[in-house]
Amino acid sequence: MSFDAIPVLDLSLSRHSATKPAFLYSLRNALLDVGFLYIKNTGLDDALIQDVIEQGKAFFSLPEEQKLEVQMKNVPSFLGAIQNLRQLIATLLKVQSPGYNKLGNEITALKTDWREQIDLSTTHPLPSPGSPLYHNLLSPNQWPNPTYLPNFQLTFENYISRMSKLSIYFTSLIAESLNLPSSAFDRFFDKDQQHKLKIVKYPDTASLPSSDQTQGVGPHKDSMLTSYLLQVPPHTGLQAQNLMGEWIDCPPIPFTLVVAIGQGLETLTHGVCKSTTHRVLSPQAGLGPRFSVPFFQGVSYDATFESVHIPAEILAMRDERLKQRGGTSVDDVEFTFTKGRWRHLGEATLVNRVKSHVDVGEKFYPEILAQIRAEQAAARTKAEGLAETEPSRTGEQNVGVTGGPKIIRAH
């Protein structure tokens, strides 16, 4: 049993007692079978959506020196902008240290992701002295100069606030769809919970060094619980991988959000909620850039690795689905939330950020980066040894409880 299309759910149906049961039934099926869905009638103002799109595009039109003022590598919080395309190409041509070629500012599946972006989050003050190292992730934003973009900060603070409420509400619906209390996941959120947002520009392939450079974002799964993608029409590029390993297009539908289930939610629900592998292809030459604004629902960095008690009837549905597909699926993306490896979610998140943004790691977290590189080298050596002695695997068990670290991504 696999999927060949992404379901579209009408969120307004969840707000009325007469239609809510049918909505929860459709949501449960989407969680069990797909792990990817559109929601329409979200309650977000159309005018706000348009402002987000316009202000997001305007950021990438700023003078280069203005974007450099808010570079991500300026601060240890991983908030800010990654370098523009011209800088990225120059970086690709330069060896930074013996045995290591810096491929760019963000990497997925050991390949460069071809995009510009700026990362923002719920506003927090700087961490206090003596705080855990991962509290560096809780910091103020780097905002563009208001002289150039006077409405940018207000627009995105408003959008982050609205999306924060929407994501918490949607998570409560997920709980209800699994026959749990609506508050079942509340203990994983801080009172001032940090959520993250990216504004992303994907250049078309005519702007890239080679026509075969088509990876906007490589195959990956999101971390944490849920993410919500605002796609800017008309460009396609987002694809989700079904259980047969086929890539299913997720074209932009105006005034909808694409919801992706994260690996954290898959773990908490014992594999009931599927976290689906997805990727973004760069626009074809001549089409111009693609823009998107993904919002990532946060989880308390101080939370520990635990699970939620799932009713037996819901677990039986999970097991039946797994049986129908022979107990396997094509899925070569590793798992972030390995039980027993990390004490707190913040530790895993910080390591993933360093792995994803090597330049920030080099400047602020050299010891963590050295450990990552050593683990990657060991993994490559092991993989090369296995390749010489075993046939390639085409599938693996996928119940949301095993694997190694992966990274949260833009879309």
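Reply: In this structure, β6 and strand β7 (residues 196-202) pair in the antiparallel sense over 6 bridges. The model is predicted, with pLDDT of at least 70 required for local features and 80 or more for side-chain atom pairs, while totals for chains, interfaces and linings use all residues. Residues are numbered from 1 along each chain as its sequence is written, and side-chain values use heavy atoms, with hydrogens and water left out.

Me: What makes β6 and β7 a pair of strands?

Reply: Strands (E, at least two residues) and helices (H or I, at least four) are DSSP runs, numbered from the N terminus. Two strands pair if DSSP finds at least two bridges between them; β6 and β7 have 6. Ile 118 has Ile 199 as its bridge partner in β7. Strand β3 (residues 80-82) is joined to β6 by 3 bridges, also running antiparallel, and here Ala 81 is the partner of Ile 118.

Me: Why is strand β6 called mostly covered?

Reply: A residue is buried under 20% relative accessible area, exposed over 50% and partly exposed in between (1.4 Å probe, protein chains only). In β6 (residues 116-121), 6 of 6 residues are buried. Both faces are covered, with Glu 116, Ile 118 and Leu 120 on one side and Gln 117, Asp 119 and Ser 121 on the other.

Me: Why are β1 and β3 said to stand at the edges?

Reply: The open sheet has 8 strands in the order β1-β2-β12-β9-β14-β7-β6-β3, with mixed pairing. β1 (8-10) and β3 each have a single partner strand, so one side of each lacks a neighbour in the sheet.

Me: Why are α2 and α5 called oblique to each other?

Reply: Helix α2 (residues 46-60) and helix α5 (residues 152-177) pack at an angle of about 130°, with axes 10 Å apart. Axes are lines fitted to C-alpha atoms, for helices over the stretch in contact, and angles run from 0 to 180 degrees between N-to-C directions. Angles under 35 degrees count as roughly parallel, over 145 as roughly antiparallel, 65 to 115 as roughly perpendicular and the rest as oblique. The two helices are therefore oblique.

Me: How do you know which residues of α2 meet α5?

Reply: Contact means heavy atoms within 4.5 Å. Among the residues of α2 that meet α5 are Leu 48, Val 52 and Phe 59, and the α5 residues include Phe 156 and Tyr 159.
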